Each structure stands twice: as C-alpha cells, then as structure tokens.
Amino acid sequence: MFRNPVVDVVIVLVAALLIFGPKRLPLLGRSLGQGMREFKDSVTGSSTPEQDERPALTEGATLPPPPRDSV
C-alpha cells in the first residue's frame, strides 16, 4: 500500500477511530484480546491460573439473603 508501514498503521487506527468512535475503541480492543487469549488457550489446551484458583460453586456456598427493610 504505502512505502512506510508506520503510515499504514496510523491510517488503519484513524479509520477505526472514525468508524467506532473513542468510547467503543477500548471495548473492542479488550474483547479482541480476550478472544485471542481464549483461542490460544483452546489450541494449546492450557488454562489460566485464575480459573484453577477459583473454588467450585456448591449448593452450600450461596450468599445470605439481603436484609429486609422494615416499613
């Protein structure tokens, strides 16, 4: 396209900013990163340490009911 690859990247970023706007761009980047991470984990078969450290949710591990307000 152009001779300088930095110019290509700048043009793509400006186009993405114009299309999606400044508020949605971080959300799109975050979701793209999560998708790539999930794809990599599914291909390699490994899981993240956060998933291994979480305890399993059982019936006895429920939250207490919220306090009632008296009227």
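Modeller: Buried means under 20% relative accessible area, exposed over 50%, and partly exposed in between, with a 1.4 Å probe and protein chains only. Of the 71 residues of this protein, 3% count as buried. This is a predicted model, in which local features need pLDDT of at least 70 and side-chain atom pairs count only at pLDDT 80 or more, while totals for chains, interfaces and linings use all residues. Residues are numbered from 1 along each chain as its sequence is written, and side-chain values use heavy atoms, with hydrogens and water left out.

Biologist: How many helices and strands does the protein have?

Modeller: Helices (H or I, at least four residues) and strands (E, at least two) are DSSP runs, numbered from the N terminus. Here there are three helices and zero strands, in the pattern α-α-α along the sequence.

Biologist: What span does helix α1 reach from its first C-alpha to its last?

Modeller: The expected span of a helix is 1.5 Å times one less than its number of residues. Helix α1, residues 5–20, reaches 23 Å, close to the 22 Å expected. Just after α1, G21 has a positive phi of about 90°. Helix α2, residues 25–44, reaches 29 Å, close to the expected 28 Å, and G45, which follows α2, has a positive phi near 80°.

Biologist: Which category of accessibility do L18 and F20 fall into?

Modeller: Both belong to helix α1. L18 counts as exposed because its relative accessibility is 70%. F20, at 39%, counts as partly exposed.

Biologist: Which residues does F20 touch, not counting those up to four places away in sequence?

Modeller: Contact means heavy atoms within 4.5 Å. On that basis F20 touches L25 and L28.
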